[in-house]
Amino acid sequence: QVQLVESGGGLVQAGGSLRLSCAASVRELSGYTMGWFRQAPGKVREYVAGIGVSGGTPYYANAVKGRFTITRDNAKNTVSLQMNSLKPEDTAVYLCAAKETWRATYEYWGEGTQVTVSS
């Protein structure tokens, strides 16, 4: 069982930055692919960014490419999402997710952290 706890959300003006962190209660994070999703009211949950066990060539949704950066620290069992040049449309609950590398879909989810970007 993997427990994920997000932190770092908040209210920021458009153009500002936030850094989200996800702490994972797992023996070895290196066995899991990690991702960040977001869900805005009335919208479908969106896959924002994902990172493999070695950290190479992360995935980014087109809407956040060039603005968001996902990183992981396997030694500290943490994953982070640096969000720059934030836009009002980035407003959502951001959720951390994890899956064993062989799984097709994410299995473990955090409760989420609210990010609100004001115009």
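The structure is a predicted model, in which local features need pLDDT of at least 70 and side-chain atom pairs count only at pLDDT 80 or more, while totals for chains, interfaces and linings use all residues. Residues are numbered from 1 along each chain as its sequence is written, and side-chain values use heavy atoms, with hydrogens and water left out.

**Stop one: the disulfide**

Begin by selecting Cys22 and Cys96, which form a disulfide with their sulfur atoms 2.1 Å apart; the term stands for a pair of cysteine sulfur atoms within 2.5 Å. Cys22 belongs to strand E3 (residues 18–25) and Cys96 to strand E9 (residues 92–100), so the pair ties together parts that are 74 residues apart in sequence. Strands (E, at least two residues) and helices (H or I, at least four) are DSSP runs, numbered from the N terminus. A search of the whole structure finds 1 disulfide, and this link of Cys22 and Cys96 is left-handed, with -80 degrees about the S-S bond. Cys22 counts as buried at 1% relative accessibility, and Cys96 counts as buried at 0%, where buried means under 20% relative accessible area, exposed means over 50%, and partly exposed lies in between (1.4 Å probe, protein chains only).

**Stop two: Tyr106 and its surroundings**

Next, select Tyr106, which is placed in the loop between E9 and strand E10 (108–109) and is buried, with a relative accessible area of 14%. If residues up to four places away in sequence are not counted, Tyr106 touches several residues, among them Thr33, Phe37, Gly50 and Ala98, where a contact means heavy atoms within 4.5 Å. Show the side chain of Tyr106 together with that of Tyr47, because these two side chains make a polar contact (2.8 Å); such a contact is a pair of N or O atoms within 3.5 Å, and within protein one must be able to donate a hydrogen and the other to accept it, while residues adjacent in sequence count only if both atoms are side-chain atoms. A polar atom of the Tyr106 side chain also lies 3.4 Å from the backbone oxygen of Met34.

Thr33 counts as buried at 13% relative accessibility, and its contacts, leaving aside neighbours within four places in sequence, include Ile51, Arg72 and Thr101.

**Stop three: the nonpolar core**

Select Leu4, Met34, Trp36, Leu81, Met83 and Tyr94, the residues with the most contacts inside the largest nonpolar core, which has 32 residues. A nonpolar core is a set of buried Ala, Val, Leu, Ile, Met, Phe, Trp, Tyr and Cys residues joined through side-chain atoms within 4.5 Å. Among the elements that give two or more residues to this core are E3, E4, strand E8 (78–83) and E9. Leaving aside neighbours within four places in sequence, Met83 is in contact with residues including Leu18, Phe68, Tyr94 and Val115.

**Stop four: two loop residues**

Most residues other than glycine have a negative phi. Finish with Thr57, in the loop between E5 and strand E6 (59–60), where phi is near 45 degrees, a positive value, and then with Asn77, in the loop between E7 and E8, which has a positive phi of about 55 degrees although it is not a glycine. Thr57 counts as exposed at 77% relative accessibility, whereas Asn77 counts as buried at 13%.
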